[in-house]
Amino acid sequence: MAPAGAAVRPGLEARLEAIVRACPSLMQVMTTARDLDLPDWLIFSGAIYQRVLNALTGREADYGIKDYDLGYFDPDTSYEAEDAVIRRVAQRFAPPLRELVEVRNQARVHLWFEAKFAEPYAPLARTAQALDRFVSPLFSVGARLETDGRLTVVAPFGLEDLFSLTLRPNPSRPTNGFARTSASALARWPELRVLD
């Protein structure tokens, strides 16, 4: 599902869903995340978009996958509350997934983001809002496996950039990280078309 103003073409969403469902490790993470029932959770970032890039460029599904970003939203922004969730999630996975699933309370991101990336970051109101701030629309995609087995796709900029292999800066949040991020992506997927 895409927020108002950024419709996701049904054909692209179906293609993304087929790619996600064809990846056993990603589906294991999605199923476990669903069963944990974290508030407002999404799997996003490379765990989703890199699978699509790999499918479109003929690479193995897990090529380039370094982690699985699992975001959730809990108004309790204490470190202790987030740490308890991180430990709870880790207990549900065996290695190597235990080390690869990175859990972050999106309600806390504004507390550490500026110190780490030297850019301001206003508080978020929900997990999906984080996607609006990613470096590029190509990266701005998340998914959640619902209790009835449906897959909810969240893509605030749509999926056209992802499926056309187009890497461009986020039009609503310019960031200093685009050049570095695009160079890293191009090194792994030279088929990408970079627009700056």
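1. Helix 6 makes the greatest contribution to the lining of the largest pocket, supplying five residues. The model under discussion is a predicted one, and the points below should be read on that basis.

2. The largest pocket has a volume of about 1200 Å³. Its lining comprises 34 residues, and those nearest the centre of the pocket are Ser45, Asp69, Phe113, Phe117 and Phe134. By class, the lining is made up of 12 nonpolar, 11 polar and 11 charged residues.

3. Which elements each supply at least two residues of this lining? They are helix 3 (46–56), strand 2 (68–72), strand 3 (101–105), helix 6 (109–117) and helix 8 (178–188).

4. Helix 3, one of these contributors to the pocket lining, is mostly covered, with nine of its 11 residues buried. The buried residues are Gly46, Ala47, Ile48, Tyr49, Gln50, Arg51, Val52, Leu53 and Asn54. Just after helix 3, Gly58 adopts a positive phi of about 75°.

5. Is Phe93 buried or exposed? Its relative accessible area is 3%, under the 20% limit, and Phe93 therefore counts as buried.

6. The surroundings of Phe93 can be described by its contacts. When neighbours within four places in sequence are left aside, Phe93 is in contact with Gln28, Val29, Thr32, Arg98 and Val101. Val101 falls within strand 3 (101–105), an element that supplies at least two residues of the pocket lining. For Cys23, which is 70 residues from Phe93 along the chain, the separation of the two C-alpha atoms is 17 Å.

7. Turning to the overall fold, the protein chain contains eight helices and seven strands. Its C-alpha trace spans about 40 × 35 × 35 Å along the principal axes. The radius of gyration is 16 Å; this agrees with a compact globule, because a globule of 196 residues would have a value near 16 Å.

8. Of the 196 residues of the protein chain, 51% count as buried. Among contacts with a separation of 6 or more, 70% join residues 24 or more positions apart. The chain exposes about 9400 Å², of which carbon and sulfur atoms supply 54%.

Technical notes
Residues are numbered from 1 along each chain as its sequence is written. This is a predicted model: local features need pLDDT of at least 70, side-chain atom pairs count only at pLDDT 80 or more; totals for chains, interfaces and linings use all residues. Side-chain values use heavy atoms; hydrogens and water are left out. On a 1 Å grid over the protein atoms alone, a cavity is a set of points where a 1.4 Å probe fits but cannot get out, and a pocket is an open set with protein on both sides within 12 Å along at least five of seven lines; lining residues have an atom within 4 Å of a point. Grid points are joined across faces, edges and corners, and a volume is the space filled by probe spheres set on the points. Helices (H or I, at least four residues) and strands (E, at least two) are DSSP runs, numbered from the N terminus. Ala, Val, Leu, Ile, Met, Phe, Trp, Tyr, Cys and Pro count as nonpolar, Asp, Glu, Lys and Arg as charged, and the others, Gly among them, as polar. The radius of gyration is taken over C-alpha atoms; the globule rule is 2.2 Å times the number of residues to the power 0.38. Buried means under 20% relative accessible area, exposed over 50%, partly exposed in between (1.4 Å probe, protein chains only). Contact means heavy atoms within 4.5 Å. Accessible areas come from the Shrake-Rupley method with a 1.4 Å probe; for residues, only the protein chains shown count as cover.
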